[in-house]
Amino acid sequence: MRKACPGVLLRYHVEHERVRSGVAANMLVHITKDFEELSREAARVVANAIRKKHDLRLGLATGSTQLGLYQELVRMHRQEQLDLARVVTFNLDEYIGLPSGHPQSFRSVMFRDFFDHINIPRENIHLPDGTPRNDYEQYCGEYEEEIRSAGGIDLQVLGLGKDGHIGFNEPTSSLASRTRPKTLTRQTVEDNRRFFGANEEPPHAAITMGIGTILEARRVLLLASGAAKARAVALAVEGPVTASVSASALQMHRNATALVDREAAANLLHREYYERALEMTRKLTPGRLW
Ligand code: F6R
């Protein structure tokens, strides 16, 4: 059998999903006043998803944008009895080569900021392992298989890099890519330097779910906050779909929402339209908003 090229596979994926879901919806854009409102809204979406499906398969990201979401979910768990006992999580990515237990590994950050404060059983938590290895293909294939055998991801939360990456799918990543090791751009290495000590070199590579993996999630929630993300948000939401801006692939997802604060939305041309579209969605298809 002839091998299909990634473009063909992606078109197949998009068409297949159109048929499966009946509608190919546009990306919803929800603009919040500030980071606090963004975090509360993101937590509301995730909590509602968990309340509707107790064994939600939840895809998670790491980074400063996610912190408010995790704090709010912890608060809901403590004060509003949000029960996460049956939730299964899959993290997008992990640095390659940090010593085990390094405070800035995504594993350490996720436990410190989130998992240690809620009731997701440890065996339900999945993060890629960034230990250097010589069998990445097999290891990454197994991570994909874990996602598949769990039934796929119901809701994938994403952050956005200044260079438009989602997960660590740096510019020029294939739009059909799967979990694999990825070299980080200089921009990403420099952006991450703030988390590391003055004499410490941030990692230059990571294992990340691919764009193809992310597009298979049933719902996607992209978070972006602050003026530094305004360019990437505009390119992702209103630019052409291109491997140069990985997040632009979300324009082809059937149920993607970009949740961005005013500063991050500053370069969007159609802000007024997005507000009206959100209002209309609340009336016509509120299920999309959870
Ligand atoms: C990490 C990840 C990345 C970050 C992005 C933004 O798991 O998925 O795509 O979300 O680099 O990071 P912050 O939020 O720190 O600006």
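Student: Okay, which residue in strand 3 is the bridge partner of Gly59?
Tutor: That's Phe90. Keep in mind that this is a predicted model.
Student: And how do strand 2 and strand 3 pair, parallel or antiparallel?
Tutor: Parallel, over four bridges. Strand 2 covers residues 57-60, and strand 3 covers residues 88-91.
Student: What's the strand order in the sheet they belong to?
Tutor: The order is 1-10-9-6-2-3-5, in an open sheet of seven strands with parallel pairing.
Student: Which strands stand at the edges there?
Tutor: Strand 1 (28-32) and strand 5 (125-126). Each has a single partner strand, so one side of each is left without a neighbour in the sheet.
Student: What about the open sheet of three strands, what's the order and pairing there?
Tutor: That one runs 4-8-7, and the pairing is antiparallel. Its edge strands are strand 4 (93-95) and strand 7 (180-183), each pairing on one side only. From one strand to the next, the twist averages 30°.
Student: How many bridges join strand 4 and strand 8?
Tutor: Three, in the antiparallel sense, with strand 8 made up of residues 205-208. As for a residue pair, Tyr95 has Ala206 in strand 8 as its bridge partner.
Student: Switching to helices. At what angle do helix 2 and helix 3 pack?
Tutor: About 55°, with the axes 8 Å apart. Helix 2 is residues 35-52 and helix 3 is residues 64-79. That angle makes helix 2 oblique to helix 3.
Student: Is the crossing left-handed or right-handed?
Tutor: Helix 2 passes helix 3 in a right-handed crossing.
Student: Which residues make the contact?
Tutor: From helix 2 you've got Phe35, Ser39, Arg40, Ala42, Ala43, Arg44, Val46 and Ala47. Helix 3 brings in Ser64, Thr65, Gly68, Leu69, Glu72, Leu73 and Met76.
Student: And what does that contact have by class?
Tutor: Eight nonpolar, four polar and three charged residues.
Student: Zooming out, how many helices and strands does the protein chain have?
Tutor: Nine helices and 10 strands.
Student: Why call the chain as compact as a globular protein of that length?
Tutor: Because its radius of gyration is 18 Å, close to the 19 Å that the globule rule gives for 290 residues.
Student: Last one: what does the C-alpha trace span along its principal axes?
Tutor: About 55 × 50 × 35 Å.

Note on methods:
Residues are numbered from 1 along each chain as its sequence is written. This is a predicted model: local features need pLDDT of at least 70, side-chain atom pairs count only at pLDDT 80 or more; totals for chains, interfaces and linings use all residues. Side-chain values use heavy atoms; hydrogens and water are left out. Axes are lines fitted to C-alpha atoms, for helices over the stretch in contact, and angles run from 0 to 180 degrees between N-to-C directions. Helices (H or I, at least four residues) and strands (E, at least two) are DSSP runs, numbered from the N terminus. Angles under 35 degrees count as roughly parallel, over 145 as roughly antiparallel, 65 to 115 as roughly perpendicular and the rest as oblique. A crossing is left-handed if the near helix is turned anticlockwise from the far one by less than a right angle, and right-handed if clockwise. Contact means heavy atoms within 4.5 Å. Ala, Val, Leu, Ile, Met, Phe, Trp, Tyr, Cys and Pro count as nonpolar, Asp, Glu, Lys and Arg as charged, and the others, Gly among them, as polar. Two strands pair if DSSP finds at least two bridges between them. The radius of gyration is taken over C-alpha atoms; the globule rule is 2.2 Å times the number of residues to the power 0.38.
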